Amino acid sequence: MTSGAGLHRWAAMAAVAVLAACALAVASAQALATQTTQTAPAAPVAPVAPVSFEPLIRRLVESGRPEAAVRALFARPEMAFDPEPMSTKLTELYMSKYGLKLVTDIQTRLAELGYHPWPTDGRLKRLTKWSIRAWQRECGLPERAVATTELLAALRASTAKAPAGLEFPPIEAPSVYESALTPERLAEAREFLAANRAMLSRVRARYGLPEEVAVGVSAVETRCGRYLGDKPAVASLAGMALARDYSLVSQAFAYERPAPDRTAWLAQTARDRGDWAYRELVALLDYAARLGRDPLSMPGSVYGAIGVSQFMPTSALTLARDGDGDGVADLFNEADALESMGNYLNKAGVGGQTSEAALREALFRYNRSRTYVNTIMAVAAHLRETAGSGAPGQ
């Protein structure tokens, strides 16, 4: 029989071997990524001209907006074209419809290393994210479950197999946004509930929206108003509206090399999403004018949602409500945002539900994501369970 000290030495040696193999994999992947630039003679690189917003400017002017004001807005440095919003949206939609070759290749390599016992389907969902994080954790790397070519290169260079006895999560477990359920995030939700209890009670009385659910929505959307976005919503929407021209974002699918029929689908989807973004852009400019506010001073999500409750601008124009009685429905104001949320969710069928099952189905109709609904209800349950504890940090 092996002694306890011997087992500890063996485990330590195995851990060192795994970390060394992972380090070698990462170093090899980095070397592969830079090999061409290291071995090929340097060539002059032509400067890349910035993408012009001129087609979008003309479209706005032709719709009746003052040309001087439009050009002044787009002349500001914050209005640089960013392909990320449209690239991200197209990638999400393409992955849902067809699956991504990049994700399939990552799943395949994770399976070869013993981290992914499930079928490969090309979709970056809960189990695949778990596998990526498990491999990164074993290698001592930051846990970031994002599908990139750099991750795939590191996986392919790795020779370290998954540790014996690795416990895999159940297939049928409910999916949640784990980042929204950390102790820090739950503490933020408790503090928000305590600070706005009277206001939330008024919203419940008027719209039938339970206080805990309203806080759950705010917690998931913006960390209860702590994170409203790091980029002006107008810039994100303008970029998406311009990128109705698929050629501006086609590089995002270089690894996929989609077949002609799929390329045609991507081009049509970009046009559809670009036209949607244009309508939201127009609504945002109108909403900013209604508030008397510089549109570039209004941060938003990657897809242009704004305020504590993350309204799209077309909804802001029609569903925002004044909650503090100052005559302005400002979604960046907590009272107005909560009043507006109650109004919005009530019209969506969420308000006034008498059972959790009915409430869940109404939330799902509002946002067709079970993960979204599960997370909101998990926050709400936590708030109900801790309601009598008193201390925000409990």
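Biologist: Which residues in helix 5 and helix 6 meet each other?
Modeller: This is a predicted model, and in it Ile106, Gln107 and Leu110 of helix 5 meet Thr128, Ser131, Ile132 and Trp135 of helix 6.

Biologist: What's the angle between helix 5 and helix 6, and how far apart are the axes?
Modeller: Helix 5 and helix 6 pack at about 55°, with 11 Å between their axes. Helix 5 and helix 6 are therefore oblique to each other.

Biologist: Left-handed or right-handed crossing there?
Modeller: Helix 5 and helix 6 cross left-handed.

Biologist: OK, on to His116. Where is His116?
Modeller: In the loop between helix 5 (101-112) and helix 6 (126-138).

Biologist: Is His116 buried or exposed?
Modeller: His116 has a relative accessible area of 4%, so it counts as buried, the cut-off being under 20%.

Biologist: What lies 3.1 Å from a polar atom of the His116 side chain?
Modeller: The backbone oxygen of Trp118.

Biologist: And which residues is His116 in contact with, leaving aside neighbours within four places in sequence?
Modeller: Gln107, Leu110, Ala111, Leu127, Thr128, Ser131 and Phe168. Gln107 and Leu110 of helix 5 also turn up in the helix 5 and helix 6 packing, along with Thr128 and Ser131 of helix 6.

Biologist: Switching to the core. Which residues touch the most other members of the largest nonpolar core?
Modeller: Leu56, Phe74 and Trp135, out of 69 residues in that core. The largest share of this core comes from helix 12 (residues 260-291), with 11 residues.

Biologist: What is Leu56 in contact with, neighbours within four places aside?
Modeller: Phe74, Ala238, Ala241, Leu242, Tyr278 and Leu281.

Biologist: How many residues of helix 11 are buried?
Modeller: 10 of the 10 in helix 11 (residues 233-242), so that helix is largely enclosed by the rest of the structure. Among the buried ones are Ala238, Ala241 and Leu242, and Leu56 is in contact with those three residues.

Biologist: What's in the second, separate core?
Modeller: That core has 32 residues, including Met199, Ala219, Cys224 and Ile376.

Biologist: Where does Cys224 lie, and what's its phi?
Modeller: Cys224 lies in the loop between helix 10 (211-222) and strand 1 (231-232). Its phi is positive, about 55°, although Cys224 is not a glycine. Most residues other than glycine have a negative phi. Cys224 counts as buried, at 4% relative accessibility.

Biologist: And Arg257, what's the phi there?
Modeller: Arg257 has a positive phi too, about 45°, and is not a glycine either. Arg257 is in the loop between helix 11 and helix 12. With a relative accessible area of 74%, Arg257 is exposed.

Biologist: Last topic: helix 15 and helix 16. At what angle do their axes cross?
Modeller: Roughly 135°, and the axes of helix 15 (residues 356-366) and helix 16 come within 9 Å. That makes helix 15 oblique to helix 16. Helix 15 passes helix 16 in a right-handed crossing.

Biologist: Which residues make the contact?
Modeller: From helix 15, they include Leu359, Arg360, Leu363 and Phe364. On the helix 16 side, Val373, Asn374, Ile376 and Met377 are among them. Ile376 is also in the second core.

Biologist: Is Asn374 buried or exposed?
Modeller: Asn374 counts as buried, at 16% relative accessibility.

Biologist: And what does Asn374 touch, not counting residues up to four places away?
Modeller: Pro174, Ser175, Val176 and Arg360. Arg360 belongs to the helix 15 side of that helix contact.

Notes:
Residues numbered from 1 in each chain as written. Predicted model: local features only at pLDDT ≥ 70, side-chain atom pairs only at ≥ 80, totals over all residues. Heavy atoms only, no water. Helix = DSSP H or I, 4+ residues; strand = E, 2+ residues; numbered from the N terminus. Buried < 20%, exposed > 50% of the residue type's maximum accessible area, 1.4 Å probe, protein only. Polar contact = N/O pair within 3.5 Å; in protein donor to acceptor, adjacent residues only side chain to side chain. Contact = heavy atoms within 4.5 Å. Core = buried A, V, L, I, M, F, W, Y, C linked by side-chain atoms within 4.5 Å. Axes fitted to C-alpha atoms, helices over the stretch in contact; angles between N-to-C directions. Parallel < 35°, antiparallel > 145°, perpendicular 65-115°, else oblique. Left-handed = near helix turned anticlockwise from the far one by under 90°.
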